[in-house]
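Here is a short report for a first look. Please have the sequence and the model side by side.

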Amino acid sequence: MSYRRTLRQEVGCTGIGLHSGRPVQLRLRPAPAEHGVRFRRVDVGVEIAATLGNLSRQDHATTLCQDGVSVDTVEHLLSALYALGVDDVLVEVDGPEIPILDGSAAPFVILIHEAGLRPLQVARQHLKVLKSVEVTRGGKWARLCPAEHFEIDYAIGFDHPLLRHQAMTFRVSGRSFTEMVAPARTFGFLREVETLRRNGLALGGSLENAVVIGESGVLNKLRYEDEFVRHKVLDAIGDLALLGHPLIGRLEASKAGHALHAAVAQKLLATPDAWELVAGSSAPRLDPALPSLRPAEA
Ligand SMILES: [Zn+2]
């Protein structure tokens, strides 16, 4: 039997919001069993639960909204919490978005290490996929299928010579996440940066927190040759965290993004015979190794 877990102690950090460009303070606080993951906007005194029902926008990041108050860019933090098995935590933030930090989930893994984990006296329930569900939009699709473990099989393809095709098959564990996925940074195309800024987005974006792809190459050093697909896996884990339970099943996705990840998760929950809650036998270990932020060998 595995037990729900929270943080052993409070931790925090400060960073810039990717879209607003403003400084944000973040604190992660221990929470009681069954609290789940909740965000508290301390500047306006509203709490927002990390659930699929509170999803609002999912274009360039995942936004949660409750009682008319939102919190943006939650997916990298949710991904680290979900992969490392933190079930119950209160996330305090003093503005409308989670700091982007270096554009990956590695700083959140380091924060969770600093806090440590504490088991709670309540068994954790896993969400086991029993029947495949699929969502298709144009040439893009995402499918959740039965599997023995939490696995992801992801392929991307963009209309750019550097990014025609990358694929990754990944079994999610605390260790594999820390080593292979957490340091992968968010990415964007130089040609799209101007459009984003005109729409008031990515005002805090820079080469410090995103991999930027120009016409002839990448403007900064990559951490992995296939950092792009690894980041998509990171995003997908963060979006699936909104299921509210550790997943036993496989996500298969092609050219998908936040909206499709959420749509397939919603479709699963809306299909009662496609899943069940089961007692889990193990929780992810907090691997002693911290994520490496070194660039890939040339
Ligand atoms: Zn991302």
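The report covers a helix pair, then a pocket.

## Basis

This is a predicted model; local features need pLDDT of at least 70, side-chain atom pairs count only at pLDDT 80 or more, and totals for chains, interfaces and linings use all residues. Residues are numbered from 1 along each chain as its sequence is written, and side-chain values use heavy atoms, leaving out hydrogens and water.

## Helices α3 and α5

Helix α3 spans residues 174-181 and helix α5 spans residues 227-240. Helices (H or I, at least four residues) and strands (E, at least two) are DSSP runs, numbered from the N terminus. The axes of α3 and α5 come within 10 Å and cross at roughly 140°. Axes are lines fitted to C-alpha atoms, for helices over the stretch in contact, and angles run from 0 to 180 degrees between N-to-C directions.

From α3, Phe-177, Met-180 and Val-181 make the contact (heavy atoms within 4.5 Å). Arg-230, Val-233, Leu-234 and Ile-237 meet them from α5.

## The largest pocket

A pocket is an open set of points on a 1 Å grid over the protein atoms alone, where a 1.4 Å probe fits, with protein on both sides within 12 Å along at least five of seven lines; lining residues have an atom within 4 Å of a point. The largest pocket has a volume of about 1,000 Å³, the space filled by probe spheres set on the points.

Its lining has 40 residues. Asp-59, His-60, Phe-187, Gly-188 and Glu-192 lie nearest the centre. α4 (190-198) gives the largest share of the lining, five residues. Helix α5 also supplies at least two.
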